[in-house]
Every structure is written in structure tokens, then in C-alpha cells.
Amino acid sequence: MKRRKFIQSLAIGSGAIVSGGVTGTQLFGPAGEARNADIIIYGGTAAAVTAAVKAKQLGKSVLIVCPELHLGGMTSGGLGFTDTGNKSVIGGLAREFYHRIWSHYDDPGSWRWQKKEQYGNKGQGTPAMDGANRTMWIFEPHAAEQVFEAFIKEHNISVFRDEWLDRSSGVQVKNNQIVSIKTLKGNQYTGKVFIDATYEGDLMAAAGVGFTVGREAAAVYNEKWAGVLTGVFHHGHYFKSRIDPYKVPGNPSSGLLPGISGEAPGAYGTGDKKVQAYCYRMCFSSHPENRIAFSQPAGYDPKEYELLVRVFNSGWRELFQKFDPIPNLKTDTNNHGPFSTDYIGMNYHYPEASYTLRKKITEDHKKYQQGLFYFLATDKRIPRDVQQEFNKWGLAKDEFADNGNWPYQLYIREARRMVSDVVMTEQEILGQRSVPDPVGMGSYTLDSHNIQRYVTSDGFVQNEGDFGVHVPKPYQISYKAIVPKAAECENLLVPVCLSSSHVAYGSIRMEPVFMILAESAATAAVMAIENKTTVQQVNYQELKNNLVKQQQKIEG
């Protein structure tokens, strides 16, 4: 489907206003319009859809205002091999989403490229189909997007897409409350309560709410895994052999290979403003009729991938370990190994960057991965057996059809994080300290991808920042971590860029958890409106009772 027709069908299906046709950036009628609702949600993520559905179910008017054209964020953007942790603590609308995924694949018509019984039921610790509970946790991108669009249509929720917040002067605040937000098109959205459901925290920041970016030093929250972690290797994402970092091996004056920083990594345990690496989660297909061969991107330079040749020459052969199978002979392919799809060190400016700079960073990530795949598919220095196996794969022809079969969403694993009265830290995640006023639960491993690639003191290349720490049991997440300090804003909730340390966010940052917290945020927003109070003054016991009625999991 062409982009123009696709956008128009989405607009009509969402119940949004369409007038004057669909052209360029004017997707939902003329610019300069004023719109209002009880609750305004900024962002197009899975959390945004979840919050909107809950608000509507509870009887309030709601609008989604988002830069995205496609809803669902990473859940519909390639992350189909869900990071679930303990699935028993996933309830409410989040579980309903995974039930609808199960229903989708219970239909034989959903199995176009393979039979259901051929797919199997096991991933790496993640069962695909849980028939007893009628849930499914592994899925294709388009299946997730269809579920989100169905949620929107069923609840007649208006979604205003391609609407970018005016971050410089578009947030009107009066008496410590957001009155309205304005987009770059000049459209104004007025509401009683606002929810920032973006991965970046743009509304939160523009409203003047305090936040941080990067890693805290270990001493800030007394966290064992905070700050720079040179020499810590919890996964296989490091250089296991001594590999020369220089263009001419053994000759530092020749310069470093691309992707290696010439700066020292910093002292162990110290903080910095660097963020864990981003990548696109790729949907590959091995079916000949649904496979598009990897093509050479513009500006391709094989020298960018010289380090990977040296990794293979060292004997490394783990390339396919994160080609996780999803239905219909496809993968959710994630970063794996010392040199992979993570574009390490190239995203530090992204969280607070202008839209223009973010677009460049995003495009750079895309070009890096496109070049990497073409290099693996064609370069004669790639081991023959590896290359032959890799060329059994290609981009899935029936995914992301209006975007060159490339995922819509870059995996923003971490950007801004709010700093509120309660900050979730390693101690809460690991069960070492109790959590006040819980409104949801998480359970996934404390997990950070690499943050920098540097030269060690003995002259070899190494990665730093990756960790994976076992979480012994499901933990609670505080309501106070998704609301700002009262002195900063009284009618905003932040279920994605919540108040958390870098270490704790490594577990919290999972898509099911974002959906859980979004439902709790929407429930609290409705209560604040009905009781004419601030979000900080919402009666917690009443909120908890409401969440339990909604089958949210508050206690393990």
C-alpha cells in the first residue's frame, strides 16, 4: 500500500479528523486547529495506546497526539520476541494485548508461510504460545500493529499522527499545571491531565520536569552495577580475544578503526552522560517468496566493518545466536556479540537532540545496519559457511511495506529518565528495599547493552557498559516514580521515562512493563479528574483497589 493511501486509511480507522485530503505533513485537516479532551496522551508507543484505551474505558475523552505514523513503538517495530520475565505479573490490558496476539495466531489464516505446528512453541526461555492461558508472546510486527489499530478503532479513539511537539514554546503551563500543548503544525491540544508516553520524554522535559540522562555514579544510589564497568562481562557482547584496534595492526599512528573511541572509558564506578546503544530489531525472512536480498546502501564503505573481519578471524562464530524465530519463517534479530547491530557510542546526543539531529542519528543507525548486512552478504572476507547461511535470510517482504521493509522504530533503549520523589534503583529491583505505593510489577533481568568501545591499557579493543544481573523475584514499581515532583507539575504522568536509575531502568524498560504502567497512569489520571485533585494527591488505596479490579498485578 502506498504511503498516502496507508496514512489515509489509518486516519479514518482511528476516528481522527480528515479533511482537505491527505498531503505531505497535513494529515488530519488544516493546521492551527484547537482540540481538547479530558486526557491528552503524547506518543504513539504501546504505552500510549494502552493508556488511551483505559481512559476511554473509564469514561473519559482522550486524544493521542504523536509524531509516529504507525502505532505500537517497539512492540510493532520489530521486537516480537517479547522480553517477558515472569509472565504471571503481566495483567490488565497488557495481558489482553498478548491474548489478542494468541487469537490472531489461533486463526489458520495467519500462517501464510508455514504451518502452525511447524513453528513450535519454544524460544530461548520464552514460550511462543501459552494455550492454557490463551496468550502468545512471540509475534510478527504487522500482527502487533493490527491489534493496536483494533484497540483504537473499537474504542473510537482519535489519533493525530505526524504531530511533533513544539519543544521550545509549545507547552503552556499555568499554576504548575500543563494547560495545553502545541505542535509544529500549530495545532493546540488542551486537556485536564497529560501523559507522556514517548521513549524520549519530550513532553516531560518541555514542561520543566526534572530528569537525567546517562549513568549515575555508583555512589549516587549506592548501586553495585552503576557507572563505568570496565572488565565486567555478563553476556557474550565483548571481545573474547585480543583484537588489534588500529587500521594498520600494531601501528597506533595509523589511527583507530571506525567505531572505536580514542577516549579513556573513565574510572570504574564513575558516572557519565553516555547511553546504552541503540539498534533496529530486524525482521528477516527465510522464505524465498517473502525474502528481499540485502542491497548496497548509499555511501557504503566496507572499511566501516573491518573490525568484524578481525572478530571472525579470531574464531568467533556466534552470528546467528539472536536470530530468534517468530511465526512464518521470520526472525526478531537482535544485537549479539562484540560487533553487531548495536551502533555503539553513536547515540549519546539523541535524548536531548533537536528533531533534525535525531533524524540524522536515526538515519546513521539505519545506514550502519544496512551496510553491515550487505557486508555480511557479499564481502569475500566473511567466512564462506557464515556467508552462505546468512544469505538464506533477507528483509521480510510483507513487513514495513511502506518503509522499504525496514522497521519504523529505532530501539531507543534509554533516553531521558525523570527524577521524582521516588527513584527506582537497584535495591528495589533486587528486593533489597520495599517499594511505596506500587502500581505495577516487573521481573526481567537488570540488563544494559554496551555503552562505549575503547582501547584497553594493553592496546586492544574492548566494549564496556553491558551487564545482565539476575532478578530473584518479581518486584513492584512505585506510583511515585511515574508522577513528577508536585512542585514541578501537578497534572502529568510519565509511565515510560519514569523516575529510575540507569541500572534499574535496565529491567523496567520492557514493553509489557510500559503497558502496565500506562494503564495505571491512565487510571490515576481519571481519578484525578473525577476528584478534582492533582496526580500526586490521588488516593493510593482507591487507586490500588481500582487496579486490582482491572486485573492489574500489584503484588507477587
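This tour moves through the model from salt bridges to aromatic rings and then to the nonpolar cores.

The model is predicted, so local features need pLDDT of at least 70 and side-chain atom pairs count only at pLDDT 80 or more, while totals for chains, interfaces and linings use all residues. Residues are numbered from 1 along each chain as its sequence is written, and side-chain values use heavy atoms, with hydrogens and water left out.

**Salt bridges**

The structure holds 34 salt bridges, each defined as a side-chain nitrogen of Lys or Arg within 4 Å of a carboxyl oxygen of Asp or Glu. Select Arg35 and Glu33 to begin: their closest N and O atoms are 2.5 Å apart. For burial, the terms are buried (under 20% relative accessible area), exposed (over 50%) and partly exposed (in between), with a 1.4 Å probe and protein chains only. Arg35 is buried at 7%, whereas Glu33 is partly exposed at 22%.

Next, select Lys240 and Glu318, whose side chains meet in a salt bridge at 2.8 Å, N to O. Lys240 lies in the loop between α7 (218–221) and β10 (246–248), and Glu318 in the loop between α8 (306–313) and β14 (323–326), so the pair ties together parts that are 78 residues apart in sequence. Helices (H or I, at least four residues) and strands (E, at least two) are DSSP runs, numbered from the N terminus. Lys240 is partly exposed at 48%; Glu318 is buried at 15%.

Proceed to Arg413 and Asp342, a salt bridge of 3.0 Å, N to O. Arg413 belongs to the loop between β16 (394–396) and β17 (416–418), and Asp342 to the loop between β15 (330–333) and α9 (355–378), so this pair joins parts 71 residues apart in sequence. Arg413 is buried at 2% relative accessibility, and Asp342 is buried at 3%. Then display Asp244, Glu306, Arg310, Asp379 and Arg381, which salt bridges with shared partners join into one network.

**Aromatic rings**

Rings of Phe, Tyr and Trp (its six-membered ring) pair if their centres lie within 6.5 Å; planes under 30 degrees apart count as stacked, over 60 as edge-to-face and the rest as tilted. The count comes to 33 aromatic pairs. Select Phe97 and Tyr98: the centres are 4.9 Å apart and the planes at 85 degrees, so the pair is edge-to-face. Both Phe97 and Tyr98 are buried.

Turn to Phe294 and Phe373, a tilted pair with 5.5 Å from centre to centre and 45 degrees between the planes. Phe294 lies in the loop between β13 (291–292) and α8, and Phe373 in helix α9, so the pair ties together parts 79 residues apart in sequence. Phe294 is buried at 11%, and Phe373 is buried at 3%. Ring pairs link a cluster that includes Phe294, Phe373, Trp393 and Trp406.

A charge sits over a ring if NZ of Lys or CZ of Arg is within 6 Å of the ring centre and within 35 degrees of the ring normal. Select Arg167, whose charged end sits over the ring of Tyr355, 4.9 Å from its centre. Arg358 lies over the face of Tyr350, at 5.1 Å from the ring centre.

**Nonpolar cores**

A nonpolar core is a set of buried Ala, Val, Leu, Ile, Met, Phe, Trp, Tyr and Cys residues joined through side-chain atoms within 4.5 Å. The largest has 139 residues, and those with the most contacts inside it are Ile41, Phe97, Tyr479, Leu493 and Ile508. Helix α13 (residues 511–530) contributes the largest share of this core, 14 residues.
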